[in-house]
Amino acid sequence: MSSKTLDIFLNENIADLKERGLYNEIDPVEGPNGPKITINGKTLINLSSNNYLGLATDERLKQVAKAAIDSHGVGAGAVRTINGTLDLHLKLEEKIAQFKGTQAAISFQSGFNCNMAAISAVMDKNDAILSDALNHASIIDGCRLSKAKIIRFEHSDMNDLRKKAKEAVESGLYKKIMVITDGVFSMDGDIAKLPEIVDIAEEFDLLTYVDDAHGSGVLGKGAGTVKHFGLQDKVDFQMGTLSKAIGVIGGYVAGKQNLIDWLKVRSRPFLFSTAVSPADAAASTKAIEILMESTELNEKLWENGNYLKAGLKELGFNIGNSETPITPCIVGEEKAAQEFSKRLIDAGVYAKSIVFPTVPRGTGRVRNMPSAAHTKEMLDEALAIYEKVGKAMNLI
Ligand SMILES: *Cc1c(COP(=O)(O)O)cnc(C)c1O
């Protein structure tokens, strides 16, 4: 017999979320996640994936992935520390280190578990972590797992960060203090103030950790936010994901050799969870090679991002503080944001609504992620649909 208590808990809470417009319905994609996608048999312009450079469906990556399956099989066979470390994983890690301009790198199965792994391998209950208020959920969970004291500072507010860093140091309560931030904030598209963060870190002897999930492949001609500001020698942890601009799956930390050596013996997902498959490792390596050889895709991404952003702004949408191709259309009320997204989808644009708890209450939005793979025609078509739906809903 199933638990009555569980049934009551689930049914009440699901009904409550639906009532408040916070219940997310999942739309399965039939086929590849490219610039156009098919959902329920209907083809839509896709402005919701993190596939910034279009690499998720790139022929060159598909070829090396197939070749890696032929040469190495479909699974790594074990965790990295037993015998799941294949030559392909080492090649990937060398490539990441070159790409990021660091001594070494370690790869994980996802960006999410990389944050869980790396933060808790270094920080513990005797430490404190200064964390930007808009940091990603995986950073928040990684910080919690470490048992360090979490001290939130106001989003990108450098006065607040300095004040809280000073208080933490002067309290004498903590052995180590870390400052941790997204490089690019995924819901608004704004960039962390890394030069000031690094200055504050130097002043108060803080460890520095940048999660560049949305900056890598996008800023710094592709190499990321840290490179964009020329701070490769000043940031201890350059964390990133292989699932967004790189187009595959996995996460990594790039940094000094001693840090990577430590993470290889102390980060739990590296020790206790099987490594990514040969196809994934080979495809990620190839993607990074492509980015290191040419800035073509990166330039196309910015061209498309700027075009869409200018178009949405001209139509009169509130696009917030975006400094990158990520472009929100902020609507406010959760239900209105969901209705807006639904009508866009009906009209031919897949742009998903993002509401609390992913963003603060009352800042519901539809978020647009143009990519290098979109054509001008697709973006024009999307803008025409935005205009039609926006006017019908009195948003513009
Ligand atoms: C997406 C994301 C992650 C998680 O990366 P995955 O590889 O998808 O697990 C971590 N941090 C940030 C800021 C992200 O946006």
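Two strands count as paired if DSSP finds at least two bridges between them. Strands here are DSSP runs of E with at least two residues, helices are runs of H or I with at least four, and both are numbered from the N terminus.

Before the details: this is a predicted model, with local features needing pLDDT of at least 70 and side-chain atom pairs pLDDT 80 or more, while totals for chains, interfaces and linings use all residues. Residues are numbered from 1 along each chain as its sequence is written, and side-chain values use heavy atoms, leaving out hydrogens and water.

The sheet, then. It is open, with three antiparallel strands in the order β10-β13-β12. Two bridges join β12 to β13, residues 364-368, in the antiparallel sense. Ser 353 sits opposite Val 366 of β13. Helix α14, residues 334-347, packs on this sheet and touches β10, β12 and β13; contact means heavy atoms within 4.5 Å. The direction of α14 makes about 35 degrees with that of β13.

Next, a helix pair. The axes of α7 (158-171) and α8 (194-204) come within 10 Å and cross at roughly 15 degrees. Axes are lines fitted to C-alpha atoms, for helices over the stretch in contact, and angles run from 0 to 180 degrees between N-to-C directions. The two helices are therefore roughly parallel, a term for angles under 35 degrees. On the α7 side, the residues in contact include Met 158, Leu 161 and Val 169; on the α8 side, they include Ile 197, Ile 200 and Phe 204.

Conventions:
Angles under 35 degrees count as roughly parallel, over 145 as roughly antiparallel, 65 to 115 as roughly perpendicular and the rest as oblique.
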